[in-house]
Amino acid sequence: MTQRRTTTRRASGTYTVQNPRGIPKGRMVVKVDGQAYQAGDTIKVSGDKMDLDRFVEQGFIARD
Amino acid sequence: MVKKSGIGQRLYVHGFDISGDTGQINNIGSPIGLLDVTSIDVSAMERIMGKRDAEIDFTAFFNIAADREHLALKGLPLTDVLGVVLFGTTAGDQMAAISAKQINYDANRAADGAFGFGVQLLGSAGFPLEYGLVLTPKITTHTSAADVTGIDFGASSASGAVGFLQHFEDTLPSGTIEYDIEDSSDSSDGDDGAWANLIAFSDVATPWAGIAERAIVAGTVNRWTRASTNGTFTNASFSMSLRRRVSGDYDAA
């Protein structure tokens, strides 16, 4: 049986949420680990967490 | 893929579920005008595509109960209404949407005593009938902010998308509901992974009143999409659907 790829990989660090899609102020822009963040919020990730590289590439978050 | 019947469909018109009062959908159409461009040097017709249109035509049974067809349809609003037909009630099923003027509400009392109304929705917002996928099974109710398990489109797309929201009237809710459609490039099951807000519908600050909204977004849409409620509220009853715009669509961005 083929095992599907999981999202648990490296990503330690601190990120600031960007707003490339122009989501209205006060509204959720991204969700990481089920937690909602708005533009300007800080996401702190430690240990083995999600791989956020694609989120960075797409401009949703920026590594501090 | 199996062939499917029209059994078990739904019809929502601008925040009202009138499925239970609709006996027949007579037409779901997107007619396209043809322009005659036949020149004198050919011996058969030449035609090119003209304007597109949209229409949903249905017959409703008379029902004066709260939130049923008479309340939903008798007003003949001057503003556009958003109508959607769900061809199935499972997330991922097909649907059709129309932004339209409701142009009639015509009663017919037959000799045998049957009493029904003919209703026609005609496209009025500058775009044709739109086909997409249902993101929510039937009418979904959240008692607080929550996410519906996403559906896998198999690949990302690059031409934007159109989202459709139907928020249904309720006598109990309070708060402000933030309806969103989210997308993810790395989910494996529609729940895990990192998600971004793809389409943020307008805040629903009067959740006791039914409303509907069509919203568009340009650019990349990731492989997975899901419906989501955010904010602080009690009782959000809703349906959301999504049409991915693909290259070649009249409105691909």
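Good morning. In chain B, the C-alpha centres of domain 1 and domain 2 are 22 Å apart. This is a predicted model, in which local features need pLDDT of at least 70, side-chain atom pairs count only at pLDDT 80 or more, and totals for chains, interfaces and linings use all residues. Residues are numbered from 1 along each chain as its sequence is written, and chains are lettered from A and ligands numbered from 1 in the order in which they are written.

The bounds, from an automatic or database domain assignment, are 8-34 + 49-133 for domain 1 of chain B and 135-253 for domain 2 of chain B. Between them, 21 residues of domain 1 of chain B are in contact with 25 residues of domain 2 of chain B; contact requires C-beta atoms, placed from the backbone, within 7 Å. To the side of domain 1 of chain B that touches domain 2 of chain B, strand E11(B) gives the most, with four residues. Strands here are DSSP runs of E, at least two residues, and helices are runs of H or I, at least four, numbered from the N terminus.

I turn to the hairpin. Strands E9 (residues 106-109) and E10 (residues 115-123) of chain B pair in the antiparallel sense over four bridges; pairing needs at least two DSSP bridges. Five residues separate E9(B) from E10(B), and B:Gly113 in the turn has a positive phi of about 100°.

Finally, B:Leu73 belongs to helix H1 (residues 69-73) of chain B. B:Leu73 counts as buried because 22 other C-beta atoms lie within 10 Å, the cut-offs being 20 or more for buried, 12 or fewer for exposed, and partly exposed in between.

Terms used
Two residues are in contact if their C-beta atoms, placed from the backbone, lie within 7 Å.
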